[in-house]
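Subject: Handing over the model

Hi there,

Here is the structure I promised to pass on to you. Have a look at it first, and then read on for my notes.

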Amino acid sequence: ITLDQYRDALKGDFPQWFVNSLVIASGTTLLSSVVGTLAAYSLARLSFSGQKVFSVSVVLAYLFPKILMLVPLVIIIRELHITNTYVTLIIANTTFALPFTLWLLRGFFSGLPIELEQAAMIRAVLTGDSELFTDAAVPHLRERLGALDGEPVPVEVVAVLVRVEQF
């Protein structure tokens, strides 16, 4: 048993491929987590016209084949003149990861007791601190988005695995 194959792989383009995968997976995970968290909170807690239609369309977007979104995405990327960049792949992958993130986190926010937000509102009135979202929802979101006792959590793990398997 020798390590010649590993040495040959490291001499070639493998280090650049690894960096590409790391940058794209990290960027996609970060962007889909931030946008997905804010959108899922809005879908779970705020009332607006068309909310039900939008929620159903998010699930349907996840169910449709990814190739259906490819042509419009290519047109948008070409019009923005950002072809052949990391940003292009991060935006494309976020487009595909966002419906899953929204679906998963919307269920989480719907399950949070409304009393947490009401307590945060009372505290905001008494202290003048108006950070309702970060005071009431984000600490409980650590179970889904942040590290819990140093272990990775479902949303990031799934998002990174789905992105890395493409390369």
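Predicted model: local features only at pLDDT ≥ 70, side-chain atom pairs only at ≥ 80, totals over all residues.

How far apart do the axes of helix α3 (residues 51-63) and α5 come, and at roughly what angle do they cross? They come within 8 Å and cross at roughly 130 degrees. I will return to that pair below, after some background.

Residues are numbered from 1 along each chain as its sequence is written, and side-chain values use heavy atoms, with hydrogens and water left out.

**The chain as a whole**

The protein chain has eight helices and zero strands, so from the N terminus on its elements read α-α-α-α-α-α-α-α. Here helices (H or I, at least four residues) and strands (E, at least two) are DSSP runs, numbered from the N terminus. Of its 167 residues, 28% count as buried, where buried means under 20% relative accessible area, exposed means over 50%, and partly exposed is in between (1.4 Å probe, protein chains only). The accessible surface comes to about 11100 Å², and 69% of that belongs to carbon and sulfur atoms; these areas come from the Shrake-Rupley method with a 1.4 Å probe, and for residues only the protein chains shown count as cover. Among the contacts with a separation of 6 or more, 74% are between residues 24 or more positions apart, a contact being heavy atoms within 4.5 Å.

Two packed helices are described by the angle between their axes and the distance between the axes. The axes are lines fitted to C-alpha atoms, for helices over the stretch in contact, and the angles run from 0 to 180 degrees between N-to-C directions.

Back to α3 and α5: their axes cross at roughly 130 degrees, which makes α3 oblique to α5. The scale behind that word puts angles under 35 degrees as roughly parallel, over 145 as roughly antiparallel, 65 to 115 as roughly perpendicular and the rest as oblique. α3 passes α5 in a left-handed crossing, meaning that the near helix is turned anticlockwise from the far one by less than a right angle, whereas clockwise would be right-handed. Ser55, Val58, Val59, Ala61 and Tyr62 of α3 meet Pro99, Phe100, Leu102, Trp103 and Arg106 of α5. Sorted by class, this contact has eight nonpolar, one polar and one charged residues; Ala, Val, Leu, Ile, Met, Phe, Trp, Tyr, Cys and Pro count as nonpolar, Asp, Glu, Lys and Arg as charged, and the others, Gly among them, as polar.

Helix α2 (residues 14-45) packs on α5 with axes 6 Å apart and an angle of about 40 degrees, so α2 is also oblique to α5. Their crossing is right-handed, and the contact has 18 nonpolar, eleven polar and two charged residues. Thr37 is found in α2 and counts as buried, at 6% relative accessibility.

Helix α4 (residues 67-80) meets helix α5 (residues 86-111) at an angle of about 145 degrees, with the axes 11 Å apart. This crossing is right-handed. Met69, Leu73 and Ile77 in α4 meet Thr88, Ala92, Thr95 and Phe96 in α5, which gives five nonpolar, two polar and no charged residues. Val74 also lies in α4 and is partly exposed, with a relative accessible area of 44%. The C-alpha atoms of Val74 and Thr88 are separated by 9.4 Å, and the residues are 14 apart along the chain.

Most residues other than glycine have a negative phi. His81, which is not a glycine, has a positive phi of about 60 degrees, and Asn84 likewise has a positive phi, near 60 degrees. His81 is exposed, with a relative accessible area of 70%, and Asn84 counts as exposed at 79%.

Best wishes
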